[in-house]
Structure formats: C-alpha cells, structure tokens
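Here is a short report for a reader who is new to this protein. Look at the sequence and the structure first, then read on.

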Amino acid sequence: MGYEMNEYEKIRIAKQVHLRYISTGGNVNYLKIMAQKREFFEYRVLPSPAPGVDTDILLDKIIFHLFGEPVVSFTFTNKEISDGYRKFFEVLWSLSSTP
C-alpha cells in the first residue's frame, strides 16, 4: 500500500471505522485476502454481476466511480440522498451472500 493508504488505514483503525463492501464476484480472492489483512473490513457478493462501478457512501456524500476508459468519478453532496442510498445499500447487503 502507498503512504496515503497506510495513513488512511491507521486513522480508520484508530477511529474503528468499519468498511463493508459488496462485490459482483470478479474479485473474491482479492477480497478474501483483504478481509484477513484489514481490520473492521467485511464483504459480501451479489448474485449477479454489475461490473465497472464502485460507490462510497459517506455521511453526507455519495461518490460513484465508473471504471471505463477514462475512469470517471462524481460526487453528490446531500445528506438526505446519502441517507436514502445507505438504506438501498442495506437492501443490497441483505441480498448478498457471505463467501
């Protein structure tokens, strides 16, 4: 990991910030390794693929990363939308399986 990532991990662990990641199945082996190496990290796998999209849900922001050529990221800053998307994440989490 690069310096910034190491610093992020130190702060995240010190604050006990938990990460939950829903995968589309293409990177399960990588996620198994990450789950062993990273504290407060868990993941699940969706039953059908939706490749090329990564989403971060923060307190008042949603960040979408679209992996194509070029990679595009955009952010919505709105607590109400972020709260709603967090509820949507919980539905996806419940539909996902534990590896």
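Asn78 caps the N-terminal end of helix α3, with a side-chain oxygen 2.9 Å from the backbone nitrogen of Glu80. The model is a predicted one: local features need pLDDT of at least 70, side-chain atom pairs count only at pLDDT 80 or more, and totals for chains, interfaces and linings use all residues. Residues are numbered from 1 along each chain as its sequence is written, and side-chain values use heavy atoms, with hydrogens and water left out.

**Overall layout**

The protein has three helices and five strands. Helices (H or I, at least four residues) and strands (E, at least two) are DSSP runs, numbered from the N terminus. Their order from the N terminus is α-β-α-β-β-β-β-α. The C-alpha atoms fill a box of roughly 30 × 30 × 30 Å along the principal axes. Of the 99 residues, 20% count as buried. Buried means under 20% relative accessible area, exposed over 50%, and partly exposed in between (1.4 Å probe, protein chains only).

**Helix α3**

Helix α3 covers residues 79-95, 17 residues in total. From first C-alpha to last it reaches 25 Å, close to the 24 Å expected at 1.5 Å a residue. That expected span is 1.5 Å times one less than the number of residues. Which residues of α3 are buried? They are Ser82, Phe89 and Trp93. These residues lie on the same side of α3 because they cover an arc of only 40° around the axis. The arc is taken from the directions from the helix axis to the C-beta atoms. On the other side of α3, Glu80, Lys87, Ser94 and Leu95 are exposed. The cover over the buried residues includes β1 (19-23), β2 (41-45), β3 (53-57) and β4 (61-66).

**The largest pocket**

The largest pocket has a volume of about 1500 Å³. Of its 41 lining residues, the closest to the centre are Arg20, Tyr21, Asp54, Thr55 and Asp56. On a 1 Å grid over the protein atoms alone, a pocket is an open set of points where a 1.4 Å probe fits, with protein on both sides within 12 Å along at least five of seven lines; lining residues have an atom within 4 Å of a point. Grid points are joined across faces, edges and corners, and the volume is the space filled by probe spheres set on them. Helix α3 gives the largest share of the lining, six residues.

**Two strand residues**

His65 is found in strand β4. A polar contact of 3.0 Å joins its side chain to that of Asp56. Such a contact is a pair of N or O atoms within 3.5 Å; within protein, one must be able to donate a hydrogen and the other to accept it, and residues adjacent in sequence count only if both atoms are side-chain atoms.

Glu42 lies in strand β2. Beyond its neighbours within four places in sequence, Glu42 is in contact (heavy atoms within 4.5 Å) with Leu19, Arg20, Tyr21 and Trp93.

| Residue | Relative accessibility | Class |
|---|---|---|
| His65 | 18% | buried |
| Glu42 | 41% | partly exposed |
| Gln16 | 52% | exposed |
| Phe40 | 25% | partly exposed |

**Backbone exceptions**

Most residues other than glycine have a negative phi, and most peptide bonds are trans. Gln16, in the loop between α1 and β1, has a positive phi of about 55°. Phe40, in the loop between α2 and β2, has a positive phi near 55°. The peptide bond from Glu69 to Pro70 is cis, with omega near 5°.
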